[in-house]
Amino acid sequence: MKAISIFKEILLFAILVLLQVLLFNRISVFGWATPILYIFFLIKLPYGRNRFYVIISGFLLGLIIDIFLNTPGMNAAATTIVATLRGVILNLFYPKNEYENLVPGIHVSVAAFIKFVVTMVLFHQVLLFFIEAFSFFNLTSTLIRIGTSSLLTIVLILALDSLLFRKEKISN
């Protein structure tokens, strides 16, 4: 499979930012779960992408979300840390020698992709919600928010990737 072009990456970046700011941040399921779909951008970057590019993209993604949502660097911090560790997490589930130009997706290996998505989303959510809470005072509430938001985000990412793959498969 071909790597996503820079134009497609920019388009995905812009669409995910707009969706997050205009739609997903207004969703609150039972007051606990908010889907945080912009992490999908970091998940869909090609395997061999330059680490510096990934980190800068993650920082810019979080910073733009912070600017629109008026959150003082919380998303930028969480997204930058996740972007920094993305390569390590990716190597846990996809062997480097087998996948040189891999774009992680459900079409490559369902089990590996689900594990990768779950790890990335959980790590991001834990960082984001603990940065937001900035204490362990309401630990139960924070853990419930992490769990419910992660579950909702994972389901949406898997559904979105399935739809994108189906569309790609039909057009090829």
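This text goes through the predicted model from the overall fold to the core and then to one helix.

The protein chain contains 6 helices and 0 strands, so that its elements, read from the N terminus, run α-α-α-α-α-α. Along the principal axes, the C-alpha atoms fill a box of roughly 50 × 30 × 30 Å. A compact globule of 172 residues would have a radius of gyration near 16 Å, and the chain agrees with this because its own value is 16 Å. Among contacts with a separation of 6 or more, 70% join residues 24 or more positions apart.

Buried residues account for 40% of the 172 residues.

In soluble globular proteins, nonpolar side chains tend to be buried together. Here the largest nonpolar core has 41 residues, and those with the most contacts inside it are Phe 41, Leu 42, Ile 43, Tyr 94, Val 117 and Ile 157. Each of α1 (6-22), α2, α3, α4, α5 and α6 (139-171) supplies at least two residues of this core, and α5 gives the most, with 9 residues. Beyond its neighbours within four places in sequence, Phe 41 is in contact with Glu 9, Leu 12, Phe 13, Leu 16, Ser 57 and Leu 61.

Helix α4 covers residues 74-93 and reaches 28 Å from its first C-alpha to its last, close to the 28 Å expected. The helix bends by about 50° at Arg 86. Arg 86 is also one of the buried residues of α4, which include Met 74, Asn 75, Val 82, Ile 89 and Leu 90. The buried residues of α4 pack against α2 (40-43), α3 (51-69) and α5 (110-133).

Note on methods: Residues numbered from 1 in each chain as written. Predicted model: local features only at pLDDT ≥ 70, side-chain atom pairs only at ≥ 80, totals over all residues. Heavy atoms only, no water. Helix = DSSP H or I, 4+ residues; strand = E, 2+ residues; numbered from the N terminus. Expected span 1.5 Å × (residues − 1). Bend = angle between axes of the 7 residues up to and from the residue. Buried < 20%, exposed > 50% of the residue type's maximum accessible area, 1.4 Å probe, protein only. Contact = heavy atoms within 4.5 Å. Core = buried A, V, L, I, M, F, W, Y, C linked by side-chain atoms within 4.5 Å. Rg over C-alpha atoms; globule rule 2.2 N^0.38 Å.
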